[in-house]
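The report below goes through one protein chain, from single residues to the whole fold. Please keep the sequence and the 3D view at hand while reading.

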Amino acid sequence: MKVAAWGGARRGAGRPKKGPIASERHQRRPELPYQCPVRITTRLERAVASLKGRAMYAAIRRGVQRTLGRTDFRIIELVVRDGRVHLVVEAHGRHALARGMQGFAVAAARALNKERGRSGRAFCDRYRPTLLRTRDQVRAAASAMIRHRIAARANDTAVQMTPVSSQFPTTDALRPP
């Protein structure tokens, strides 16, 4: 007697991949120490990533404005370049980070879609957070944002913003004595 073989691990099983770059894994996010800076990268859909200059800036600005009212989440630095949004944020915990990013992403997506005259998602997948636990990590993130900003000046299709002040130490504060 032959038994049906349903389920279980097998070649080709599971949800089909949506693109060449793997999405962020759907796992519980790590705990976030109070006001620990976090570097975040999220990808834009091709249809909205081709939006250039002032139109992109205005749409992303709507997303930033949405987060300004929050006391538990703060966007420190933001650069849009090559179809990716790079942010450095502070949040009062994992849930504040998730809600803040959700508010930013929804407002930015609505504005981007409105500018493009389309509907649907504007961000490819979940955001990728990197906790900046040490001074060296913070210095490296600040340096990367400066490099992105310089590239944005050289390439007028990129967007750069430094929306608010914060408790995030500046690069001058991080230089060794």
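Met56 is buried, with a relative accessible area of 3%. In this predicted model, Met56 belongs to helix 2, which covers residues 53-68. Its C-alpha lies 7.1 Å from that of Leu112, although Met56 and Leu112 are 56 residues apart in sequence. Met56 counts as buried because its 3% falls under the 20% cut-off for relative accessible area.

Thr42 sits in strand 1, residues 38-43. Thr42 is also buried, at a relative accessible area of 5%. Leaving out residues up to four places away in sequence, Thr42 touches Gly83, Arg84, Val85, Phe123, Asp125 and Tyr127.

Asp82 is located in the loop that joins strand 2 (73-81) to strand 3 (84-91). The phi angle of Asp82 is positive, about 55°, and Asp82 is not a glycine. Is Asp82 buried or exposed? Asp82 is exposed, and its relative accessible area is 57%.

His92 is placed in the loop between strand 3 and helix 3. With a relative accessible area of 31%, His92 is partly exposed. The contacts of His92, not counting residues up to four places away in sequence, are with Tyr34, Gln35, Thr71 and Asp72. For one of these, Thr71, the C-alpha to C-alpha distance to His92 is 8.7 Å, at a sequence separation of 21 residues.

The table lists relative accessible areas with the class of each residue.

| Residue | Relative accessible area | Class |
|---|---|---|
| Met56 | 3% | buried |
| Thr42 | 5% | buried |
| Cys36 | 8% | buried |
| Cys124 | 18% | buried |
| His92 | 31% | partly exposed |
| Asp82 | 57% | exposed |

How many disulfides does the model hold? The count is zero. A disulfide is a covalent bond that links the sulfur atoms of two cysteines. For the count, a pair of cysteine sulfur atoms has to lie within 2.5 Å. Cys124, at 18%, is still classed as buried because the class takes in values under 20%.

The chain as a whole comes last. The protein chain contains five helices and five strands. Along the sequence these elements follow the pattern β-α-α-β-β-α-β-α-β-α. Of the 177 residues in the protein chain, 41% are buried. Among contacts with a separation of 6 or more, 78% are between residues 24 or more positions apart.

Technical notes: Residues numbered from 1 in each chain as written. Predicted model: local features only at pLDDT ≥ 70, side-chain atom pairs only at ≥ 80, totals over all residues. Heavy atoms only, no water. Helix = DSSP H or I, 4+ residues; strand = E, 2+ residues; numbered from the N terminus. Buried < 20%, exposed > 50% of the residue type's maximum accessible area, 1.4 Å probe, protein only. Contact = heavy atoms within 4.5 Å.
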